Amino acid sequence: MTTATLSRMQEEVRALARERDAVILAHNYQVPEVQDVADLVGDSLGLSREAAATEATAIVFCGVHFMAETATILSPDKTVLIPDPDAGCSLAASITGEQLREWKAQHPGAIVVSYVNTTAEVKAETDYCCTSGNAKAVIEAIPEDREILFLPDMFLGIWLERVTGRKLTIWMGECHVHAGIRPADIERWQAEAPDAELLVHPECGCASQCMAFGNERTHILSTEGMINFAKASSKNRFLVATETGILHRLHKEAPEKRFEAVSERAICKYMKMITLEKLRDSLRDWKHVVTVEPEIAARARGAIDRMIEIG
Ligand code: SF4
């Protein structure tokens, strides 16, 4: 697409959003041209909060399906659209509601904490949702004597055990993108860029290893945490270990600094299924509306509200 065509389509999207009274939310991993046209770009927690607070009639969620479902649960009176309903998530797909019910039956009395990357049905079986940005606070809010079932991301679970000192019972799910960032990628960068700060997402396959050999320039952070850290830091060079879509926002928010991906292969094909064209079509043709069964939505909402209350 030429620059002129791109700007024309971005104008069209903005005009349609105004006409339709819709707010456009985009995840940090979206393609640059979608991020640039959004009202808000953020991580799942920031976007969940915006979805709950917006006064717009409709929300167009540029992200993967479970995120749009979460927006539907939080804003039942609004229409939530997703530009491509097939934008899934390998991590959310790693556990079903049925599997969680069986797991709970094996651990009676345990508290269930689910990373927000789960389907509405799994959230409905959950006590507390969390994101990587607030997972530590959520675990710390649970009484010490209660068993915690943590799902679905094993790397985030292992990292949480280390930072909270709590023993968790962890579901062995993983995100194929983050699991693909290996300790060897990190080691190479540690050697080749001794002047750089290393920003690692806790879902990375390397995160627990980074904790083990980490030094003062290794920082385990959520995507929003990475942006805040880079802006506030006196350092100028950063290596980033998460999905590469975050680089666009980092470059925009701290243009004077240098950001590089630890692994250029860390690309989520599901996030990249949302294109500017599909976003335009979604607003123009009012598709694809995301629905959640009211009984499931009510139970899932309890787990999300408890997360939002903790912060
Ligand atoms: S990067 Fe991983 S966790 Fe995030 S949406 Fe893609 S598959 Fe899911």
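## Contacts and burial in selected helices and a loop

Leaving aside neighbours within four places in sequence, Asn 117 is in contact (heavy atoms within 4.5 Å) with Phe 66, Cys 89, Leu 91, Ala 92 and Pro 152. The model is predicted: local features need pLDDT of at least 70, side-chain atom pairs count only at pLDDT 80 or more, and totals for chains, interfaces and linings use all residues. Residues are numbered from 1 along each chain as its sequence is written, and side-chain values use heavy atoms, with hydrogens and water left out.

Asn 117 sits in the loop between β5 (111-115) and α6 (120-124). Helices (H or I, at least four residues) and strands (E, at least two) are DSSP runs, numbered from the N terminus. Asn 117 has 10% relative accessibility, so it counts as buried (under 20% relative accessible area, 1.4 Å probe, protein chains only).

| Helix | Residues | Buried residues |
|---|---|---|
| α8 | 154-164 | Met 154, Phe 155, Leu 156, Gly 157, Trp 159, Leu 160, Thr 164 |
| α10 | 183-192 | Pro 183, Asp 185, Ile 186, Trp 189, Gln 190 |

At the start of α8, a side-chain oxygen of Asp 153 comes to within 3.2 Å of the backbone nitrogen of Phe 155. Gly 165 follows α8, with a positive phi near 75°.

Terms used:
Buried means under 20% relative accessible area, exposed over 50%, partly exposed in between (1.4 Å probe, protein chains only). A polar contact is a pair of N or O atoms within 3.5 Å; within protein, one must be able to donate a hydrogen and the other to accept it, and residues adjacent in sequence count only if both atoms are side-chain atoms.
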